[in-house]
Amino acid sequence: MQVSLYTEVAAECINHKGEKICGDNFTVRRSDNGNRTIAILSDGLGHGVRANILSVLTSSMLANFAAVREQPARIAAMLDAMLPVNSATGKSYATFTLADIDNRTGRVLLMQYDNPESILLRGSNMMPVAWSGPYDTGEGRPGKFRVAEFAVSAGDRLVMLTDGVTQSGQATGIYRFGWGRDNVAGFCSEVITSDPTVDSTGLARQVVSKARGNDNGNPSDDTSCVVMTFRPPRRMVLVSCPPALARDNRQMAGEVISFDGPKVICGQPVAAMIASHTGIPLEQDENSGTGDGSLVYSLAGFDVVTDGMIVPGKVLDILEHIPVGTAVVPDNGIASRIVGMMLGNDIVYFRIGMRRNIDPRGIVPDEFSIRRNILRRIITVLEEKFGKQVETKFY
């Protein structure tokens, strides 16, 4: 729970006209328990499959270099040595922008190689960024690798672009020299002024939509925009099953009761245990009307209290079948409500007890394994499909 800022990252990419694959590539990695975010936007030379291969290769190398905290000068030298150059134009086969963010301190290390200069916004105001470099890598190429380091605060936004955005409108004659970085920055400021709560997805989509309009709907290059919004993280907790040892009941209950954010309990036994520590009775909600065998309870201070098997199974089914970025969760009662909470929060904490319900014959029911498998699969889908930060603690 150390994260003080959350980096909300969204990318919008459209292909060069007539192409089925984008030559730009966007990669984001979160590490150090969510305390570090690495975002990379790479632009492969040309368009189509070849450009995509070059941009993916570049992003992968950069992500690995950044993960082990290589020094910027060394990254510049390695990338210059590894990336081929077009013999006719002298241009590198891929350009990129990399942002390495420490979410605890708000420190941002920004590395850029021949992409349009990134835009830092504080509210609707564009903030200056002090660049060092360009680095001389000794490869006989023009120095295009630059580095900036600065601190961000809650509410700031960082916008990364490929030249498909800044050069849009050039082919149509709307802008003689293309839309340009300053015009893009001014457009972002206008969007934020009209809607100060616009999220990263909304701003990225509006920038790319405007660039596409500059080209009359026929982009003359792959066109990509990445927006990072820095804000306090949104968190929720889901608790299921009582602790294996009764002596841990108080610790689990105390952690969940004091949690600041939406709270979900799956399972009557753990709900009854937590209720006993609040002094508030756990009551079954007779009017829930689920009609599917699942049970819904009410406990003051908790958003959802339900059974430990049927509803989590439905939650998993919904998560596995809805597309990433969906705006509307299919209405499936309590399960849909839980899914909406999961997708609406950045960090999902799971607190899972390991008590086995053993019958008098000493048999552990299959339900024990099934329930935990469902929770494990939910965690996997949240992390791998939806890119959520998940923290799991077992009792």
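Q: What makes strand β8 (residues 131-132) and β9 a pair?
A: In this predicted model, two bridges join β8 to β9, and the strands run antiparallel. Two strands pair if at least two bridges are found between them, so β8 and β9 count as paired. S132 stands opposite V147 in β9.

Q: How do you know that strand β5 (residues 107-113) and strand β9 (residues 145-151) pair?
A: Seven bridges link β5 and β9, in the antiparallel sense. The cut-off is at least two bridges, so β5 and β9 pair. R107 has A151 in β9 as its bridge partner.

Q: Why is P233 called buried?
A: The relative accessibility of P233 is 14%. Buried means under 20%, so P233 counts as buried. P233 is found in the loop between β11 (223-231) and β12 (235-240).

Q: Which distances separate P233 and S4, in sequence and in space?
A: P233 and S4 are 229 residues apart in sequence, and their C-alpha atoms are 7.3 Å apart in space.

Q: What makes a residue part of the lining of the largest pocket?
A: A lining residue has an atom within 4 Å of a point of the pocket, and 37 residues line the largest pocket, which has a volume of about 1,200 Å³. V9, T201, V324, F386 and K388 lie nearest its centre.

Q: Which elements each supply at least two residues of that lining?
A: They are β1 (6-14), β2 (24-31), α5 (200-214), α9 (334-344) and β18 (389-394).

Q: How many residues of the lining of the largest pocket are nonpolar, polar and charged?
A: The lining divides into twelve nonpolar, 14 polar and eleven charged residues.

Terms used:
Residues numbered from 1 in each chain as written. Predicted model: local features only at pLDDT ≥ 70, side-chain atom pairs only at ≥ 80, totals over all residues. Heavy atoms only, no water. 1 Å grid on protein atoms, 1.4 Å probe; cavity = no way out; pocket = protein on both sides within 12 Å on 5 of 7 lines; lining within 4 Å. Points joined across faces, edges and corners; volume = space filled by probe spheres on them. Helix = DSSP H or I, 4+ residues; strand = E, 2+ residues; numbered from the N terminus. Nonpolar A, V, L, I, M, F, W, Y, C, P; charged D, E, K, R; others polar. Buried < 20%, exposed > 50% of the residue type's maximum accessible area, 1.4 Å probe, protein only.
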